[in-house]
Amino acid sequence: MENSAIIKINDLVKTFPMGKTHFTALKEINLTIGRGEFTGLVGPSGSGKTTLLNIVGSLDTPTSGEAWVLDHPVGKLSARQAAQLRKEKLGFIFQSYNLLAVHTVFENVEFPLLLLKISASERKKLVMDALEWLGLTDKIKSKPPQLSGGECQRVAIARAMVKKPSLVLADEPTANLDAANSHNILKTMLKLNNELKTTFLFATHDEKVINYLKRKIYLFDGKIDKIIDQEGMGKQQNFN
Amino acid sequence: MKTAFKLAYRNLIGAGLRTWLNVFVLSFSFVVIIWIKGVLVGWDYQAKTDMTNWEIGEGQYWNRNYDPYDPFTLADSHAPVPDQFREEIEKGDMEPLLLVQGTIYPRGRMQSVAVTGINPGQDIFLLPTHKLDTATDAVPAIIGALMARDLDLSKGDYFTLRWRDARGTFDAKEIVITDIFSSNVPSIETARIYIPMETLQEMTMLEGEATLLTYSDSEKERPEAEGWVHKSKAELTSSVDELIKTKTVGISVLYAVLLLLAMLAIFDTQVLSIFRRQKEIGTYIALGYTRREVVGLFTVEGAMHSLLAALVSAAYGLPFLAWQAKAGWTLPMDASEFGMAMAQTLYPVYSAGLVLSTILIVVVATTIVSYWPSRKIAKMNPTEALRGRIQ
């Protein structure tokens with residue numbers, strides 16, 4: 001695996017059983033993503049972007065081929081090893097926020113640190129730093145049902161970022177947000193990417209997100225259709 | 001594990017009313033189980049104490065022919081008091097009793113009784129035997145309140161007693177009731193009259209003889225005595241143990257129903273939680289839990305109901321249980337109908353063992369019913385769970 005590569009995928013195939021047959025969601029995917037990238041898997045519904053994101057996030061396993069994430073072969077990890085990788089190195093941001101409804105904002109952001117068994121004083125400092133970054137210090141005692149969609153997503157970003165992960169996986173992070181909130185959220189993530197050098201990998205078909213991506217990996221029908229760098233078509237790579 | 005407890009606590013408290021309903025139902029089970037068990041322990045303690053004070057002392061020697069369940073054996077159930085017990089009797093640490101079959105005729109009716117000869121100066125039993133040391137024109141006798149009630153007898157009433165002496169000759173005398181006592185021991189109150197020992201020995205021509213020897217020193221080594229059978233306190237109170245055991249089995253059904261109701265509530269909550277909280281389960285996994293750890297979290301969460309219930313029980317149960325221990329529980333029916341040592345008011349006795357064992361049973365039962373539905377999580381697909389899809 002290349003030193004600068006954080007994700008390397010070779011000949012990855014993913015099929016799902018469908019009655020007596022199988023549905024192939026990902027077909028022969030080959031892909032490398034470097035450290036510090038702000039990249040997105042772009043494509044319509046059913047193109048396989050969320051499936052690929054789940055495999056990279058060690059929430060799912062490939063049917064064949066291999067996927068290396070932070071030097072870990074995610075398809076071959078035990079449940080405990082996969083959980084360890086997610087706990088220590090990965091951050092997740094979901095379309096519907098997936099906050100713990102009965103916990104306060106502080107407790108939601110604190111959650112990943114609890115799993116890492118960080119001391120109470122250190123946890124408090126890290127959570128407050130993250131909330132300050134995202135402008136949520138006045139909401140620490142609020143619970144998710146009391147927040148707006150934009151605030152919820154900012155809490156989700158704080159939760160993903162609080163442990164300073166190497167890689168953040170964001171699945172349609174702006175799908176439930178209005179344009180203004182979407183831009184705010186994306187600017188925040190871009191800032192985190194620039195300042196903390198955290199790698200971001202999105203799965204999206206939202207134009208607002210696509211415009212912020214430095215690299216766009218287009219998926220269609222389970223295959224990589226093309227890859228476009230920020231600079232434009234000049235660096236376009238076609239797979240068809 | 002500490003993290004699981006912390007998260008489970010947050011989830012439970014955050015769930016609000018649903019949690020507190022379960023906790024209250026469970027706490028009710030705690031209090032009722034401890035109270036009922038306490039009543040049984042209190043009854044056991046009271047019955048044995050009453051039997052010790054009124055009937056059996058710290059143990060007895062029975063004449064080898066004596067059978068308390070066969071009144072016909074009374075004719076032959078007597079023998080001279082062995083010399084080895086003389087000193088103990090003189091010191092007042094042992095009391096001989098002579099039992100003779102007799103018939104009384106109160107108010108023109110006929111009633112078979114066991115005539116019991118007892119030393120008026122004894123202090124092993126709580127019987128008011130000093131009332132036998134009364135100068136009257138008839139033989140002074142004391143009887144129990146149950147017999148007095150059944151035969152409509154009062155203090156100062158006279159009636160005729162007929163008995164057979166050692167030679168088998170019938171004789172009769174007038175008896176006067178000098179006192180009526182009330183114990184919680186039906187066997188000493190029913191069909192029994194107590195008259196002075198010397199008088200009975202004289203009436204039956206059985207001077208120096210006895211049927212039972214009751215001692216008050218529980219520490220002393222008890223030797224064998226020829227013609228007498230030693231009965232320890234444990235043997236003499238075994239009938240109480242048997243009855244308590246029978247009652248405990250019966251009441252266990254009530255515990256089971258109470259626990260079942262509480263467990264059903266917890267089980268339902270768990271099933272509903274797993275059904276409703278799929279997205280949350282997926283989130284736990286995405287954030288670094290394994291599925292087995294999520295099963296553990298949900299199990300701890302369910303089991304924690306019982307710990308909260310223990311705290312809630314302490315809040316309202318402790319004052320209630322303490323009040324019951326002091327005021328007692330008065331039986332709604334006549335206690336004498338039970339036919340054995342039982343007070344009309346029972347005072348529950350609670351031990352640390354009773355409380356801890358109850359807590360342990362409830363916690364273990366709650367943990368099992370919490371774990372059972374949680375196993376489903378181990379089979380969940382995390383990516384489906386994250387989307388909240390029903391699996």
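Colleague: How many helices and strands does chain A have?

Modeller: Before counting, note that this is a predicted model, where local features need pLDDT of at least 70, side-chain atom pairs count only at pLDDT 80 or more, and totals for chains, interfaces and linings use all residues. Residues are numbered from 1 along each chain as its sequence is written, while chains are lettered from A and ligands numbered from 1 in the order in which they are written. Helices (H or I, at least four residues) and strands (E, at least two) are DSSP runs, numbered from the N terminus. On that basis chain A comes to 7 helices and 11 strands.

Colleague: And what is the radius of gyration of chain A?

Modeller: That radius is taken over C-alpha atoms, and the globule rule is 2.2 Å times the number of residues to the power 0.38. For 240 residues the rule gives 18 Å, and chain A is close to that, so it is as compact as a globular protein of that length. Its radius of gyration is 18 Å.

Colleague: What about chain B, what radius of gyration does it have?

Modeller: Here the C-alpha trace spans about 100 × 45 × 30 Å along the principal axes. A compact globule of 391 residues would come out near 21 Å, but chain B has 31 Å.

Colleague: How far apart are the centres of the two domains of chain B?

Modeller: An automatic or database domain assignment sets the bounds. It divides chain B into domain 1 (2-52 + 239-386) and domain 2 (59-217). Taken over C-alpha atoms, their centres are separated by 51 Å.

Colleague: Over in chain B, where do the buried residues of helix 1 lie, seen down its axis?

Modeller: Buried means 20 or more other C-beta atoms within 10 Å of the residue's own, exposed means 12 or fewer, and partly exposed is in between, with C-beta atoms placed from the backbone. In helix 1 of chain B the buried ones are Leu7(B), Ala8(B), Asn11(B) and Leu12(B). They fall within an arc of 135 degrees (from the directions from the helix axis to the C-beta atoms), so they line one face of the helix.

Colleague: Is Ala315(B) buried or exposed?

Modeller: Ala315(B) sits in helix 10 of chain B. With 9 C-beta neighbours inside 10 Å, Ala315(B) counts as exposed.

Colleague: One more: what covers the buried residues of helix 8 of chain B?

Modeller: Helix 8 runs over residues 238-276 of chain B. Its buried residues include Val240(B), Leu258(B) and Ile274(B). What covers them includes helix 2, helix 10 and helix 11 (352-374) of chain B.

Methods. Expected span 1.5 Å × (residues − 1). Contact = placed C-beta atoms within 7 Å.
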